[in-house]
Amino acid sequence: MRVFVAVDVGDAVRREVTRVVSMLTGKLEAVKTPPKVVWVKPAALHVTIKFIGEVEPAEVERLQELLAPPIDVAPFEIVWRGIGTFPSAKNPRALWLGVINGAAQLAEIEAEVSRRLAGVNAVELDDRALLPHLTVAGKFAYFFADDGLHGSELWRTNGTAAGTTMVKDSVPG
């Protein structure tokens with residue numbers, strides 16, 4: 001199962017991103033050959049604090065227990081500024097909004113998450129510095145859905161029916 005730790009962005013950010021995406025979609029549709037863009041669904045918007053990667057379902061509960069106690073950080077506001085792409089502007093796979101205020105608090109949260117997960121055999125933490133951002137589009141979107149056969153599972157889509165597939169049947173049966 002693909003696992004990461006994230007901070008929710010709230011409904012006000014979801015509304016604003018929806019407005020910006022609508023504007024960008026209109027501009028993209030006006031170009032001669034518009035690029036194929038998969039916008040992140042508003043309900044799935046978040047700031048990734050720590051990407052963990054593939055973890056066996058049995059380990060997920062252990063990770064949830066380690067991360068369940070609240071992290072002691074005073075309430076703060078995130079201010080968004082700038083737009084960028086990963087891995088580069090020439091080969092974009094994701095479109096993101098940058099964080100100008102709130103980055104220090106997000107880094108505090110990331111440090112505590114890393115501390116709590118240190119020494120967990122099922123988790124291989126990287127040493128990359130946190131680059132707080134809000135991904136609004138990518139080549140693929142991931143989401144949970146129940147197809148009526150497998151229960152709620154992780155799916156991946158490129159925005160087409162043919163390009164939508166279940167990542168893994170995590171809980172067979």
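**View 1. Strands β4 and β5 sit side by side and run antiparallel.** In this predicted model, strand β4 (residues 79-87) is joined to β5 by seven bridges. Helices (H or I, at least four residues) and strands (E, at least two) are DSSP runs numbered from the N terminus, and two strands pair if DSSP finds at least two bridges between them. Follow β4 to its partner and you pass through a hairpin of four residues. Look for Pro87, which stands opposite Pro92 in β5.

**View 2. The second largest pocket has a volume of about 240 Å³.** Of its 13 lining residues, Lys36, Val37, Pro92, Leu95 and Ala137 are the closest to the centre. Two or more lining residues come from each of α1, β5 (92-101) and β6 (133-138), and β5 gives the most, with four. Sorted by class, the lining has eight nonpolar, two polar and three charged residues. Here Ala, Val, Leu, Ile, Met, Phe, Trp, Tyr, Cys and Pro count as nonpolar, Asp, Glu, Lys and Arg as charged, and the others, Gly among them, as polar. On a 1 Å grid over the protein atoms alone, a pocket is an open set of points with protein on both sides within 12 Å along at least five of seven lines, a cavity is a set where a 1.4 Å probe fits but cannot get out, and lining residues have an atom within 4 Å of a point. Points are joined across faces, edges and corners, and a volume is the space filled by probe spheres set on them.

**View 3. The largest cavity has a volume of about 40 Å³.** The count is one cavity of 30 Å³ or more. Its lining is made by Val17, Val20, Val21, Leu24, Trp39, Ile83, Leu97 and Val136. Helix α1 (residues 11-29) gives the most, with four residues. By class, the lining has eight nonpolar residues, with no polar and no charged ones.

**View 4. Arg14 is a buried residue in helix α1.** Its relative accessible area is 15%; buried means under 20%, exposed over 50% and partly exposed in between, with a 1.4 Å probe and protein chains only. The Arg14 side chain makes a polar contact with the side chain of Asp8 at 2.6 Å. Such a contact is a pair of N or O atoms within 3.5 Å; within protein, one must be able to donate a hydrogen and the other to accept it, and residues adjacent in sequence count only if both atoms are side-chain atoms. Leaving out residues up to four places away in sequence, Arg14 touches Asp8, Val9, Pro42, Ala43 and Leu45, where contact means heavy atoms within 4.5 Å.

**Notes.** Residues are numbered from 1 along each chain as its sequence is written, and side-chain values use heavy atoms, with hydrogens and water left out. Local features need pLDDT of at least 70 and side-chain atom pairs count only at pLDDT 80 or more, while totals for chains, interfaces and linings use all residues.
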